[in-house]
Amino acid sequence: MAIWVTGDIHGGIDIAKLSYRRWPQGRLLTREDSVIIAGDFGMPWSGSNDELYWLDWLNNRPWTTLYVDGNHECYSYLEDLPVTERWGGKVQVYPEYPNIIRLMRGQVFDLPAEAARSTRRVFTMGGANSHDKEWRTPGWSWFPEELPSWDEYAEAERNLAAADWQVDLVISHCCATRWLPAVLPADSLAEGITTDALTTWFDDIEDRLSFRMWFFGHYHTDVMPDTRHRALYRDIVSVNELLAESGRA
Ligand SMILES: [Fe+2]
C-alpha cells in the first residue's frame, strides 16, 4: 500500500502523465494504493465521449484515484453526488467509476499507507480562485463554489481540532499566501491577483497545524519552496520516498 500524489489533470488534457509509458511504476500498483490528484481533476464536465473515455481509462488503472477539488471542476455535477464516509472522512465515490473518489474539503483521513506505518493521516482542503473568471461563464465554465464556504472552513477547523492539529500530509489545490512568490512568476504578484480568502486561511493553518509534508497543485509548476512543501504539476511523487529523503518518514 502506498500513496502517490500528482498535480492537475484537467480532464484528459494533462492525464497522459499517468500512462504506463510515462509512468511505468503505475503498472505495479494495486487497488490498495492511491494516486491523489491535487485539484483540477475536471471530469465529468460536458459529458463528451472524450471524458467518458478518460473516466473509464482511469477507473481501470490498477490503483485507486483520489482527488481534492480545484477551481476547474464542474460543481453542478459534484453537488448532486451522494456523500459517504471512508477512511474517517467524507468522500464522493463516482457511481459508475468506483475507483475514482473525491476527498471532500476540510476532512481528515487515515489513508492506507506503506507497510511500516499502516496509515497516514491526511488533511484535505480543495478549492482555489480562478484568475480568469471574468472571461468564463458562471454556472458553466466557472462556479462560485470554487472557493470554500464559511461552513467548510468551520468544518475543517473542527476536524483538525479533533485530530489535535496533527496530521502527516496536507493536500490542497492552492497554497498559503507566503509561498506565492516561490510558485508564481513575479509579474502576476505585481498585478496583485494571487491572494484570496483561502490562501489567507492557509497562512493561518500553516502556523497552527503540525504536518510532515504539504502538497498542492494549481500553479502548474514542480517546485519545493522548502523541505515541507511540494508544488506539483507533471511530477508524480511517492509520499513514502519523499518523506524518507527528507528524514520525516
Ligand atoms: Fe489547473
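Buried means under 20% relative accessible area, exposed means over 50%, and partly exposed lies in between (1.4 Å probe, protein chains only). Asn-71 counts as buried because its relative accessibility is 5%.

This is a predicted model, in which local features need pLDDT of at least 70, side-chain atom pairs count only at pLDDT 80 or more, and totals for chains, interfaces and linings use all residues. Residues are numbered from 1 along each chain as its sequence is written, and side-chain values use heavy atoms, without hydrogens or water.

**Around Asn-71**

Asn-71 sits in the loop between strand 3 (64–68) and helix 2 (75–78). Helices (H or I, at least four residues) and strands (E, at least two) are DSSP runs, numbered from the N terminus. The Asn-71 side chain makes polar contacts with the side chains of Ser-130 and His-173. A polar contact is a pair of N or O atoms within 3.5 Å; within protein, one must be able to donate a hydrogen and the other to accept it, and residues adjacent in sequence count only if both atoms are side-chain atoms.

| Side-chain pair | Polar contact |
|---|---|
| Asn-71 and Ser-130 | 3.0 Å |
| Asn-71 and His-173 | 3.1 Å |

Beyond four places in sequence, Asn-71 has contacts (heavy atoms within 4.5 Å) that include Asp-40, Glu-146 and His-218.

**Nonpolar cores**

A nonpolar core is a set of buried Ala, Val, Leu, Ile, Met, Phe, Trp, Tyr and Cys residues joined through side-chain atoms within 4.5 Å. The largest has 28 residues; Phe-123, Trp-201 and Leu-209 touch the most other members. Helix 6 gives the most to this core, 4 residues.
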